[in-house]
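Welcome! Here is a friendly walk through one protein chain, going from the whole to some single residues.

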Amino acid sequence: MLVFIFFGFGFVFLSILIFHKSVSKQNETTDHHSSLSGSMGWPFIGETISFFKPHRSDSIGTFLQQHVSRYGKVFKSNICGGKAIVSCEQELNMFILQNEGKLFTSDYPKAMHDILGEYSLLLVTGEVHRKLKNVIISFINLTKSKPEFLLCAENLSISMLASWTNCREIEFHNEAKMFTLSVMVNQLLSIKPEDPARRYVLQDFLSYMKGFISLPVPLPGTAYTDAIKARKRLSARVMEMIKSRENKEEEMNKALREADFLDVIMSNEDLNYKEKVSIVLDILLGGFETSATLLSLVVYFLAKSPSLLQKLKEEHEAIRAKKGDGELLNWEDYQKMEFTQCVMSEALRCGNIVKTVHRKATHDIKFKEYVIPKGWKVFPIFTAVHLDPSLHENPFEFNPMRWTDKAKMNKKTTAFGGGVRVCPGGELGKLQIAFFLHHLVLSYRWQTKSDEMPIAHPYVEFKRGMLLEIDPTS
């Protein structure tokens, strides 16, 4: 569900030497293949760098503001090495997502394949995609109903908050990543919080993420090269665990540990070794990165909305009042967290964890007055729909109450994508976030720095790493 930049700045320099800006202006006419207007940008790189330029994730950014103002909500461009249609319109976006595999196909750059591997759920298509997605869905369904998962999420929440006792400031986004990764590696691989492997896995995933927004330069020391090496280490670690468990001696000792989802994956005879490893990495990456970012966005927006934070705290105080001393939360408690659900959904709408996805038209397509030629890239912009004033009243206002009509809002948002590639793990992520928030709002007050903000790189990071000033509640 992440977006990436894969074109070198050297092309910019070469373009400036050879071509004048007038070339771009000549391209601002209607293309004979498409009725849409737009700018094709510089030769070679087009408008790739401007399109992916970092900006506040709670805004659509300067590029889209200028282009929508000039050309409308749907326009043509040249992005990631090819002619492209950029859509900021809700209806067209849903049409694109719902026709995956029929009129459109996934079309991420080759360099992304180098980093994620050939069996990543984000890249595979057709029957292989269906097969791998079904395995991941089975993990979601099996895990969220397990009392052990709820116990793990809550105990790790309590433990992390207790570790802040003597702290005045914390880098919350890093803490959130450690929390969500700890939950996922425990459920997937039986790696406990005290196991040093947990921190090694986190370090490799952070290198992995940096590679997504780096120039694809295959030289030692570059973020791109480090990302490929990090994935190889992660793959080797998972493969080693699989091979170890296949050992007969390990089978004899299986009773000494709890069963985890790696056991379930290993029992699936339809999967080859590479597919098994890729499923584990996909679940870990999606489960820890997306959940950690959503948790950080919730904390960020609540810091700027004291009245909403108080309302959230009252909901959790009411839940806690009905529990005994030290009694842990359960599934029924989670279902009572109605305002918490609204807060998380609104943070997804305002914070925009996923800006867009990469698609390509497999046919000549006519949708309403728009013509999308076969072979053109297509970028449905989720952020633009989430912040569209024609769909959302005061769209830049963080207002969880708009989610009291959840069915209506779901039709106007695509926080987890849509169609056959809708993210299957959204509910699982929200569950562990809700448990963490329960203990956070009852244990601490917090403030962010005045210049803190979420930045789309295109994946979301924070300007100061979400540095929080914290005080324990009475």
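A residue is called buried when its relative accessible area is under 20%, exposed when it is over 50%, and partly exposed in between (1.4 Å probe, protein chains only). At 26% relative accessibility, Asp 451 counts as partly exposed. Please keep in mind that this is a predicted model, where local features need pLDDT of at least 70, side-chain atom pairs count only at pLDDT 80 or more, and totals for chains, interfaces and linings use all residues. Residues are numbered from 1 along each chain as its sequence is written, and side-chain values use heavy atoms, with hydrogens and water left out.

**The whole chain**

Helices (H or I, at least four residues) and strands (E, at least two) are DSSP runs, numbered from the N terminus. The chain holds 20 helices and 13 strands. Of its 474 residues, 57% are buried. A contact means heavy atoms within 4.5 Å. Among contacts in the chain with a separation of 6 or more, 73% are between residues 24 or more positions apart.

**Two open sheets**

Strands of a sheet pair through backbone hydrogen bonds, either parallel or antiparallel. Here, two strands pair if DSSP finds at least two bridges between them.

Strand 9 pairs with strand 3 in the parallel sense over four bridges and with strand 6 in the antiparallel sense over two bridges. Lys 377 in strand 9 is the bridge partner of Ala 84, and Lys 360 stands opposite Lys 377 too. Lys 360, in strand 6, also stands opposite Thr 105. In a regular strand the side chains alternate between the two faces of the sheet. In strand 9 (residues 377-380), Lys 377 and Phe 379 point one way, Val 378 and Pro 380 the other way, and all are buried.

Another open sheet has three strands in the order 1-11-12, with antiparallel pairing. Its edge strands are strand 1 (55-56) and strand 12 (460-462), each pairing on one side only. Two bridges join strand 1 to strand 11, and His 55 stands opposite Ala 456 in strand 11.

**Charged pairs**

Side chains of opposite charge can pair when their charged atoms come close. A salt bridge is a side-chain nitrogen of Lys or Arg within 4 Å of a carboxyl oxygen of Asp or Glu.
|---|---|
| Asp 204 and Arg 233 | 2.7 Å |
| Arg 349 and Glu 346 | 2.8 Å |
| Arg 464 and Asp 451 | 2.7 Å |

Asp 204 lies in helix 10 (residues 197-212) and Arg 233 in helix 11 (residues 223-246), so the pair ties together parts that are 29 residues apart in sequence. Asp 204 is buried at 8% relative accessibility, while Arg 233 is partly exposed at 42%. Arg 349 and Glu 346 both belong to helix 17 (residues 338-351), three residues apart, about one turn of the helix. Both Arg 349 and Glu 346 are buried. Elsewhere, Glu 89, Glu 91 and Lys 368 are linked in a network of salt bridges.

**Around Glu 452**

Where is Glu 452 placed? Glu 452 sits in the loop between strand 10 (444-448) and strand 11 (454-456). For charges, Lys and Arg count as positive and Asp and Glu as negative, while His and the chain ends are not counted. Glu 452 is buried yet has no salt bridge, and the nearest side chain of opposite charge, Arg 464, is 6.0 Å away. The backbone nitrogen of Arg 464, however, lies 3.0 Å from a polar atom of the Glu 452 side chain. Leaving aside neighbours within four places in sequence, Glu 452 is in contact with residues including Tyr 300, Phe 462 and Leu 467. Arg 464 is partly exposed, with a relative accessible area of 39%.

**Loop residues**

Gly 38 lies in the loop between helix 2 (22-26) and helix 3 (48-51), and is buried with a relative accessible area of 0%. Phe 44 lies in the loop between helix 2 and helix 3, and has a positive phi near 70° in a residue other than glycine.

Note on methods:
A polar contact is a pair of N or O atoms within 3.5 Å; within protein, one must be able to donate a hydrogen and the other to accept it, and residues adjacent in sequence count only if both atoms are side-chain atoms.
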